[in-house]
Amino acid sequence: MLTRNCLSLLLWVLFDGGLLTPLPPQLQQTLATEPRENVIHLPGRRLHFQRVKRGWVWNQFFVLEEYMGSEPQYVGKLHSDLDKGEGTVKYTLSGDGAGTVFTIDETTGDIHAIRSLDREEKPFYTLRAQAVDIETRKPLEPESEFIIKVQDINDNEPKFLDGPYIASVPEMSPVGAYVLQVKATDADDPTYGNSARVVYSVLQGQPYFSIDPKTGVIRTALPNMDREVKEQYQVLIQAKDMGGQLGGLAGTTIVNITLTDVNDNPPRFPKSIFHLKVPESSPIGSAIGRIRAVDPDFGQNAEIEYNIVPGDGGNLFDIVTDEDTQEGIIKLKKPLDFETKKAYTFKVEASNLHLDHRFHSAGPFKDTATVKISVLDVEEPPVFSKPLYTMEVYEDTPVGTIIGAVTAQDLDVGSSAVRYFIDWKSDGDSYFTIDGTEGTIATNELLDRESTAQYNFSIIARKVSNTLLTSKVSILINVLDVNEFPPEIAVPYETSVCENAKPGQIIQLVSAADRDLSPAGQQFSFRVPPEAAIKPNFTVRDFRNNTAGIEARRNGYSRRQQELYFLPVVIEDSSYPVQSSTSTMTIRVCRCDSDGTILSCNVEAIFLPVGLSTGALIAILLCIVILLVIVVLYVALRRQKKKDTLMTSKEDIRDNVIHYDDEGGGEEDTQAFDIGALRNPKVIEDNKTRRDIKPDSLCLPRQRPSVEDNTDIRDFIHQRLQENDVDPTAPPYDSLATYAYEGNGSVADSLSSIDSLASEADQDYDYLTDWGPRFKVLADMFGEEESYNPDKVT
């Protein structure tokens with residue numbers, strides 16, 4: 001190697017003509033690389049048609065890292081062709097590490113490293129060299145740059161930066177199943193030698209897992225590894241540089257591998273028969289026992305569903321899965337009775353909910369076990385023959401009558417006698433009694449259906465052998481009605497008949513009510529008593545549907561002859577015994593139009609029951625008289641007050657209304673009061689001015705005594721003021737105008753009694769009937785009066 005390097009150096013010197021040349025200690029690396037040329041021009045020489053000599057040619061210098069020698073490590077030598085060995089040339093060094101890491105001999109150009117270097121810290125250094133004349137301090141050649149690279153040695157072991165690792169692989173996986181890929185990093189130079197070439201191997205974990213030496217991929221090495229046998233594996237992985245050769249550095253890491261579960265195991269009952277004991281008093285829906293099938297799988301692969309196989313006794317029970325413990329909870333669906341059946345046997349099936357199709361060939365993933373349940377005898381209270389007893393009794397039943405009985409039995413082995421009691425907390429305890437031994441129920445008081453129609457209380461049955469064991473049952477007693485009340489008119493009717501009514505016309509519909517509880521199909525009948533059926537003005541028509549109609553029997557009725565008619569009505573029911581009552585209908589004669597619409601009646605129709613006493617009638621009449629007297633007194637006081645107010649002042653006829661009682665002597669009386677003063681009050685004033693012109697000056701009104709406030713006068717004045725305010729032709733000042741003109745153009749002329757005939761009998765008022773319906777009432781009042789006999793009753 002050294003001989004080859006020397007020959008290469010000799011040839012290189014001969015061809016280059018002795019230029020400044022570096023002499024590195026590792027010539028094999030230096031000469032293997034093509035030198036980089038820097039061309040400079042010497043001073044004083046022509047540039048054209050002359051060969052340019054290379055002043056500096058540099059190669060890379062190399063220095064070993066981690067040098068531990070006692071002397072500085074020689075790096076290389078710098079030399080210029082202008083250096084004749086006379087000591088006139090001085091070499092200088094600058095750049096990375098100059099003076100601190102690297103030094104140069106100024107005379108010879110030798111470069112040394114003065115301290116140990118680490119390639120991983122800094123792989124190369126860039127420096128600049130120059131040859132200077134010692135005397136003139138001027139550079140002999142231009143400054144040139146070169147590189148010193150740190151030669152790598154294998155001083156770093158591979159490292160797993162991501163370790164330790166955690167991985168998982170499904171159980172029962174085949175050989176070669178992928179698990180994980182690991183990676184180690186070597187800080188040495190990967191481009192130089194084998195210092196950074198890493199090889200992987202398994203130090204711990206065989207024969208379960210293997211690793212690819214180049215890629216670091218871990219795979220399974222054994223088939224069908226079972227999680228239920230072993231779940232966790234710890235694998236030790238080694239990474240070694242130098243390609244795994246002897247002397248290489250190594251690093252290790254741990255990989256924790258977990259086998260994940262698959263559903264490869266069916267559930268299995270630990271025993272084939274389960275024995276349970278259940279008291280017969282267990283309530284419906286209660287849990288009476290637990291069974292469990294074992295599944296070595298984990299998570300949802302171990303979820304189990306339990307079902308009762310249809311068969312003998314299984315219909316009384318149900319089974320559900322406890323999600324936390326995966327146990328089967330057996331619950332009671334129907335009550336148990338030791339005296340009826342003492343034991344039950346059925347089968348329970350356990351199966352997985354989530355199946356894996358890869359393991360179907362291994363067999364069914366289910367198991368079956370037998371459950372035997374023994375019913376334990378429990379002393380129970382007496383049991384009534386019915387859950388509810390319903391009885392009926394008539395309201396007139398004598399006290400002490402037995403209306404029914406209850407029965408309770410002790411169903412336990414060796415039955416005990418039973419005693420009966422009424423629950424004293426109920427409402428019916430005082431109306432009924434019970435025989436403690438026989439259980440018969442009898443009345444204790446007289447019953448009234450109209451007061452209480454139904455009784456609801458409880459009976460307690462108690463065992464003689466154990467008084468703490470009791471049971472209770474409800475008793476419902478319906479009180480049946482006895483026909484003791486007669487039917488009556490349902491509501492008071494205001495009955496009226498038109499004067500122009502026709503025979504057979506129905507003027508009123510009536511119905512009846514009965515305080516008794518009428519049975520289905522009961523009918524009420526309506527009729528007139530025999531003494532009122534002789535030449536009746538009205539009769540009763542029974543419609544056979546619990547209603548009847550009041551029927552007119554005459555052709556027209558006259559209110560002047562008779563205003564009121566009284567019709568007795570007899571009402572009977574259809575129960576036993578038959579009850580009946582008589583009610584009197586009051587029928588009022590009214591004036592109607594041609595369509596049958598009532599126009600006027602003197603008083604409202606009333607309904608007078610037969611049993612109304614004389615004292616009650618007198619009290620009603622007395623109240624009416626007192627009310628009339630109060631009304632008359634109130635009207636008289638108001639008229640007196642109004643009269644006093646109007647007569648307080650007569651001084652200003654424009655502001656006051658004059659009240660006078662002078663009737664006058666008629667048209668021929670010229671001495672009477674001049675009524676023209678009322679038409680124009682201004683005629684009495686001496687100074688007559690124009691009303692349509694506002695006076696220049698107004699005189700203050702004379703002081704008048706205050707007039708008592710009267711609502712009639714105030715309303716009259718306000719009305720007149722409002723009329724003048726809206727009148728565009730009114731004077732521009734307030735004025736009170738009075739008008740006493742009656743008007744003309746009336747079809748009826750004057751209705752005054754002046755110039756009338758001496759007596760009403762001499763006048764003929766038949767012409768009023770020609771004036772239309774508005775004067776029909778007036779014509780009837782002054783027409784020919786019909787004879788009136790109010791005492792006649794039909």
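Salt bridges and disulfides in a predicted model

Me: In this predicted model, what makes arginine 449 and glutamate 450 a salt bridge?
Reply: The closest N and O atoms of arginine 449 and glutamate 450 are 3.1 Å apart. A salt bridge needs a side-chain nitrogen of Lys or Arg within 4 Å of a carboxyl oxygen of Asp or Glu, so the pair of arginine 449 and glutamate 450 counts as one.

Me: Why is arginine 449 called buried?
Reply: Arginine 449 has a relative accessibility of 11%. Buried means under 20%, so arginine 449 counts as buried.

Me: Is glutamate 450 buried, partly exposed or exposed, and why?
Reply: Glutamate 450 has 29% relative accessibility.

Me: How many salt bridges does the count come to?
Reply: The count comes to 21 salt bridges.

Me: How do you know that lysine 90 forms a salt bridge with glutamate 106?
Reply: Their closest N and O atoms are 3.9 Å apart, and the cut-off is within 4 Å, so lysine 90 and glutamate 106 qualify. Lysine 90 is in strand 5, whereas glutamate 106 is in the loop between strand 6 and strand 7, and the two are 16 residues apart.

Me: What makes cysteine 498 and cysteine 592 a disulfide?
Reply: The S to S distance of cysteine 498 and cysteine 592 is 2.1 Å. The rule asks for cysteine sulfur atoms within 2.5 Å, so this pair is a disulfide. Cysteine 498 lies in strand 34 and cysteine 592 in strand 40, so the link ties together parts that are 94 residues apart in sequence. Both cysteine 498 and cysteine 592 are buried.

Me: How do you know that cysteine 590 and cysteine 601 form a disulfide?
Reply: The sulfur atoms of cysteine 590 and cysteine 601 are 1.6 Å apart; the cut-off is within 2.5 Å, so they form a disulfide. The torsion about their S-S bond is about 125°, so this disulfide is right-handed.

Me: Why is cysteine 590 called buried, and why is cysteine 601 called partly exposed?
Reply: Cysteine 590 has a relative accessible area of 0%, and buried means under 20%, so cysteine 590 is buried. Cysteine 601 has a relative accessible area of 30%; this value lies between 20% and 50%, so cysteine 601 is partly exposed.

Note on methods. Residues numbered from 1 in each chain as written. Predicted model: local features only at pLDDT ≥ 70, side-chain atom pairs only at ≥ 80, totals over all residues. Heavy atoms only, no water. Helix = DSSP H or I, 4+ residues; strand = E, 2+ residues; numbered from the N terminus. Buried < 20%, exposed > 50% of the residue type's maximum accessible area, 1.4 Å probe, protein only.
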